[in-house]
Amino acid sequence: MANWTMDTARATFLNYFKERGHTVVASSPLLPAEDKTLLFTNAGMNQFKNLFLGQEKRSYTRAVTAQKCVRAGGKHNDLENVGFTARHHTFFEMLGNFSFGDYFKKEAIAFAWELVTDKKYYGLDKNRLYVTIYKDDDEAFEIWTKQEKVPAERIFRLGEKDNFWSMGDTGPCGPCSEIHYDMWDNYTSREHFKGNEPDWDCGRFVEIWNLVFMQFDRDAAGTLTPLPKPSIDTGMGLERITAALCGVATNYDTDIFAKLITALKEMRGEAIDPAQEASWRVIADHARATAFLIADSITPSNEGRGYVLRRIMRRAIRHGHKLGFTELFFHKACDIVITLMGPHYGELKNQREMILAIATEEEKRFRQTLDKGLALLNDGVAAARKAKAKTLPGDLVFKLYDTYGFPPDLTQTILAEQGLSYDAAGYDAAMKEQQERGKASWSGGSEEKKQAAAKSLLDDGIPATKFEGYDKSEMEGELVALFNGELDRVDSVRAGSTAYAILNPLLFYAESGGQVGDKGTLEKCGAIAAMVTDCVKLGEYRAAVVTAQTDIVVGTRFTQKLEEERRSAIRRNHSATHLLHLALRKTLGDHAHQSGSLVTQERLRFDFTHFKAVSSDELRAIELEVNRLIQKNYKTCTEIQAIEEAKKAGAMALFGEKYGEEVRVVSMGDSKELCGGTHVERTGEIGLCKIVREEGIAAGVRRIEAVTGMAAVRLAQEMESLIVQAAEAAGGDRANLVTTLEKQRDERRMLAKRIEELEGKLSALEAKDMKPAVVKEGVAVYILDTGKGRAEVIQLSDSLKGSVADGLFILTGVDAGAAVAVISASGKGKERYDCGKLLKELLAEFGGRGGGKKDMAQGGAPSIDFAKWREKVLELVG
């Protein structure tokens, strides 16, 4: 038992099903492709969702995967349990076998029982296994008892909450059957049983595999209709099955976690407190999640997926702080993950530099505020204890979040350790004043309507859209289906209506891969019947978004005409993004890969992974390389290939994009990418590419904006015109502009220094002639309204201090339309008066504020009535 590792458990599962006719499908990224309802990929079936819905077909009907999953936000959120239970994780691997209308219940149960119990495979003891089924699933009961000979007393019927699975409120669903393993060595013990049934929630009986029998379609009324082709979806947690195979008490005792935690403890290098074991587990789990999320192009930020990653990272860093790590450590934890798991997941090794750089930067940023935030929190805890309160104010928790970067769940964890909580309603009220963050922005309403629209087309047997517009600007097409602006299926729309038109074949490119949708017209008998304002995806279908100029009816054939000049500009910009991608990797390194893009008629925007600002020299090198590739006038070659074949040939696949079994490979010289977009025939057609700006948009993500073709020429002309105007204004010519400006800058500096010296002498002369307003116990008090700016007031104050041995100098002036005030003291004046306190009290009368030290303070107010100011000064110095 002890020889099992996560790698061998994973390999055994994949090989078992491969030998039984299943196609081994690679894990999809943690960034879900197309499904906007998901924050992260959280189950093995996510990448097959459209297959189960009947919206997609593939060459195989049996599949097996080891899927990367994260559950740390939204409905599936295990974050707060991680580290404190034996089996909760943020990142985990889900093993699964799938049947898409192929085999069903009998075969799925047979496969599962053989793999789990046969000595050739996992070989778990049948006496430690229990089975649950849905309460009404007599078919499953009969298969388990008669086919697999499982004793009836080891099978338990549970209700819908536990043993009935559905994809949503409507759609595919069905009963499920779970296999549970008794983790106790003394598995004959009747402890933790409720009568004859195990207590499923006690932690002793662990669910290791869930078999979902997808056999019904549920409608809005709740009616279940049998599916014509029932399917199978199963999920087994790799960490759980490995723990069962190794006979260890927790997932954290399995090989990868054990090695990672041991290395972390060695890194700490001091005696380990057993009471802090949960903190080591938190760091180990969160380092895995961090490494995999960053490798899949998710970076820490203050919203959406990036905010969840930031919460995970900061939770781990805080536990490291609790354990006594005073130096940066979290990137080292991530590096251990890469070493341990990189052999199976190559993306970890490929993105190592990026993972470590982002982990380091995030820890640096959080550590800058961690101590101050903890001090503020401790003050809040002390105040609560003094007031004998059990909750901290919500606005304090919000301040910890907003100012010090403490996610509220991290604050709650710290408070819970001390038996306290916080006012969640107060926190929510404070949060409403700011932009909503985290999961709030993730909703799938419109996405669900699009899926429903696609399903209605599929159910009616309407073929998937054939896009034939790569090399055409005009073609015929039949209107095969129509949806109104609310995505309800209709047979016709009236003039003036907005609608989604399903045309086959289709001329217009649908928005995808960062490229905007085409525009154009639908014409009938030479007259415009509809304006095409966009083109979008509806599952496997493409819909032209139209504004009807006349009544339009399903079944009509139209002439589709493209806005050709717009398409040509988009083509240039899209091809330029491919060349820019290649130039970035050549200049910055292989870690620089695309994490987002926008290709429009006017410009291109390209987001890429890089851990620091791109220098001016690097930007020039990138721009030169792009234009060198343009001038090479490479032919654009497109080829349809199997996706694995394309990847092996070096084609770049982009995160967040969904690819089928066959992909379109676009090549231009050394650039080779998977891409369905429209492109120039030769790179020379791009003409010129000019980078407009480069900036950071998130941790580890940079953005370049550029223009091509005539837009780039116009930009170059504008820049040339600015240089000419600047040269004329400077009194020189273009060739010597920099030298002229540097000379003028040096002259200005010399003049400024000379003016400062003269003003100092003038202030000294002014100070000699000034008289105090009053003398109090040997201290000369000067109250002066100078009318000067802040710098001159400070200079005069210094001159007075230098010429009056024992004085208090209270000066006002005007700067940028507002009043300024400076108070200073010398000799006995410093002993008798506190300038900072005096200034605050004076400015409070005039709606201003300021501060400083005992002998010097400055501030300002919207305005100061000097007569009242003088009166208040005399009262205070009295």
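Mentor: Helices (H or I, at least four residues) and strands (E, at least two) are DSSP runs, numbered from the N terminus. By that definition, the protein has 25 helices and 37 strands. The model is predicted, so local features need pLDDT of at least 70 and side-chain atom pairs count only at pLDDT 80 or more, whereas totals for chains, interfaces and linings use all residues. Residues are numbered from 1 along each chain as its sequence is written, and side-chain values use heavy atoms, with hydrogens and water left out.

Trainee: What box do the C-alpha atoms fill, and what percentage of the residues is buried?

Mentor: Taken along the principal axes, the box is roughly 110 × 80 × 50 Å. Buried means under 20% relative accessible area, exposed over 50%, and partly exposed in between, with a 1.4 Å probe and protein chains only. Buried residues account for 51% of the 878 residues. Contact means heavy atoms within 4.5 Å. Among contacts between residues at least 6 apart in sequence, 68% join residues at least 24 apart.

Trainee: How many residues does helix α1 have, and what span does it reach?

Mentor: The expected span of a helix is 1.5 Å times one less than its number of residues. Helix α1 (residues 6–18) has 13 residues and reaches 18 Å from its first C-alpha to its last, close to the 18 Å expected. Its buried residues include Met 6, Phe 13, Leu 14 and Phe 17.

Trainee: How many residues of helix α6 are buried?

Mentor: Helix α6 (residues 238–246) is mostly covered, with 8 of its 9 residues buried. Among them are Leu 238, Glu 239, Ile 241 and Cys 246. Just after α6, Gly 247 takes a positive phi of about 70 degrees.

Trainee: At what angle do helices α8 and α10 cross?

Mentor: Axes are lines fitted to C-alpha atoms, for helices over the stretch in contact, and angles run from 0 to 180 degrees between N-to-C directions. The axes of α8 (residues 277–295) and α10 (residues 330–341) come within 9 Å and cross at roughly 75 degrees. Angles under 35 degrees count as roughly parallel, over 145 as roughly antiparallel, 65 to 115 as roughly perpendicular and the rest as oblique. The two helices, α8 and α10, are therefore roughly perpendicular to each other. Residues making this contact include Ile 283, His 286 and Ala 287 of α8, together with Phe 330, Ala 333 and Val 337 of α10.

Trainee: Which residues touch the most other members of the largest nonpolar core?

Mentor: In soluble globular proteins, nonpolar side chains tend to be buried together. A nonpolar core is a set of buried Ala, Val, Leu, Ile, Met, Phe, Trp, Tyr and Cys residues joined through side-chain atoms within 4.5 Å. Of the 120 residues in the largest core, Tyr 122, Trp 144, Ile 208, Trp 209 and Phe 330 touch the most other members. Helix α12 (residues 352–386) gives the most to this core, with 12 residues. Apart from it lies another core, of 25 residues, among them Leu 579 and Phe 606.

Trainee: Is His 319 buried or exposed?

Mentor: His 319, which lies in helix α9 (residues 304–323), is buried, with a relative accessible area of 1%. Not counting residues up to four places away in sequence, His 319 touches Phe 84, Ser 279, Val 282 and Ile 283.

Trainee: In what sense do strands β28 and β29 pair?

Mentor: Strands of a sheet pair through backbone hydrogen bonds, either parallel or antiparallel. Two strands count as paired if DSSP finds at least two bridges between them. Strands β28 (residues 662–668) and β29 (residues 671–674) pair in the antiparallel sense over 4 bridges. The bridge partner of Ser 667 is Lys 672 in β29. These strands, β28 and β29, form a hairpin with 2 residues between them, and Gly 669 in the turn has a positive phi of about 60 degrees.

Trainee: In what order do the 6 strands of the open sheet lie?

Mentor: The order is β32-β33-β34-β35-β37-β36, and the pairing is mixed. The edge strands, each pairing on one side only, are β32 (774–776) and β36 (849–852). Neighbouring strands of this sheet are turned by 15 degrees against each other on average, direction ignored. Helix α25 (residues 866–877) packs on the sheet, touching β32, β33 (779–785), β34 (807–815) and β35.
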